[in-house]
Amino acid sequence: MAITKEQWTGIENALKRGLVINFTHDGHEILLQRGLISETKVAYAVYIDGDIPRFWLKDDEAGFNPLVEVYFRKITYKPWQKFINQIS
């Protein structure tokens, strides 16, 4: 089932107001909530079946949930990037 533009607008508005979005995906209950990390940083908390998934696990390890690949993006950290930006 595709989400319409009006539904996306409703979801965005609900998250901006601090409401919790709750829906089902592949038989799993997904809960999505927006929260502040600091005054200028926003993060989204994702719960799968009422639990924060262990996103650091690999697909062959016990406790891995394949929905993690859908709802979490892979972050690549480049420790030298800050130094390169200062030199440039």
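Which residues form a nonpolar patch on the surface, and with about how much accessible area together?

**Entry 1. The patch.** I found Trp80, Phe83, Ile84 and Ile87 in this patch, with about 450 Å² of accessible area together. The model is a predicted one, in which local features need pLDDT of at least 70 and side-chain atom pairs count only at pLDDT 80 or more, while totals for chains, interfaces and linings use all residues. I number residues from 1 along each chain as its sequence is written, and side-chain values use heavy atoms, with hydrogens and water left out.

For the patch I kept to its rule: residues have over 30% relative accessible area and no salt bridge, like charges are joined within 9 Å, and nonpolar side chains (Val, Leu, Ile, Met, Phe, Trp, Tyr) within 5 Å. A salt bridge here is a side-chain nitrogen of Lys or Arg within 4 Å of a carboxyl oxygen of Asp or Glu. Accessible areas come from the Shrake-Rupley method with a 1.4 Å probe, and for residues only the protein chains shown count as cover.

I looked up Ile87 by itself. Ile87 lies in helix α3, residues 81-87. Ile87 is exposed, because its relative accessible area is 59%; the cut-offs are under 20% for buried, over 50% for exposed, and partly exposed in between, with a 1.4 Å probe and protein chains only.

**Entry 2. The whole chain.** I counted 3 helices and 3 strands in the protein chain, in the pattern α-β-β-β-α-α along the sequence. Helices (H or I, at least four residues) and strands (E, at least two) are DSSP runs, numbered from the N terminus.

The C-alpha trace spans about 50 × 35 × 25 Å along its principal axes. Of the 88 residues, 15% count as buried. The chain exposes about 7,700 Å², and carbon and sulfur atoms supply 55% of that area.

I also checked contacts, meaning heavy atoms within 4.5 Å. Among those with a separation of 6 or more, residues 24 or more positions apart account for 16%.

**Entry 3. The core.** The largest nonpolar core has 8 residues: Ala14, Leu15, Ile21, Ile30, Leu32, Val46, Ile48 and Leu67. Two or more of its residues come from each of α1 (5-16), β2 (28-36) and β3 (42-48). A nonpolar core is a set of buried Ala, Val, Leu, Ile, Met, Phe, Trp, Tyr and Cys residues joined through side-chain atoms within 4.5 Å.

Ile21 lies in strand β1 and counts as buried, since its relative accessibility is 14%. Leaving aside neighbours within four places in sequence, Ile21 is in contact with Ile11, Ala14, Leu15, Ile30, Leu31 and Leu32. From Ile21 to Gln33 I read 6.4 Å, C-alpha to C-alpha, across 12 residues of sequence. Leu15, with residues up to four places away not counted, touches Ile21, Leu32, Gln33, Arg34 and Tyr44.

Entry 4. Ala43 is found in strand β3. It counts as partly exposed because its relative accessibility is 26%. Beyond four places in sequence, Ala43 contacts Gln33, Arg34, Gly35 and Ile37.

Lys41 sits in the loop between β2 and β3 and is exposed, as its relative accessible area is 51%. With neighbours within four places left aside, Lys41 is in contact with Gly35 and Leu36.

**Entry 5. Leu57.** Is Leu57 buried or exposed? Leu57 is buried, because its relative accessible area is 15%. I located Leu57 in the loop between β3 and α2 (68-71). Its contacts outside four places in sequence are Ala62, Gly63 and Phe64. Leu57 and Val68, 11 residues apart in sequence, are 9.5 Å apart C-alpha to C-alpha; for Lys41 and Leu57, 16 residues apart, the separation is 26 Å.

**Entry 6. Positive phi.** I noted a phi near 50° for Asp26, a positive value in a residue other than glycine. Asp26 is in the loop between β1 (21-25) and β2, and is exposed at 62% relative accessible area. Asp49 has a phi near 55°, again positive and not in a glycine. Asp49 is in the loop between β3 and α2, and counts as partly exposed at 42% relative accessibility.
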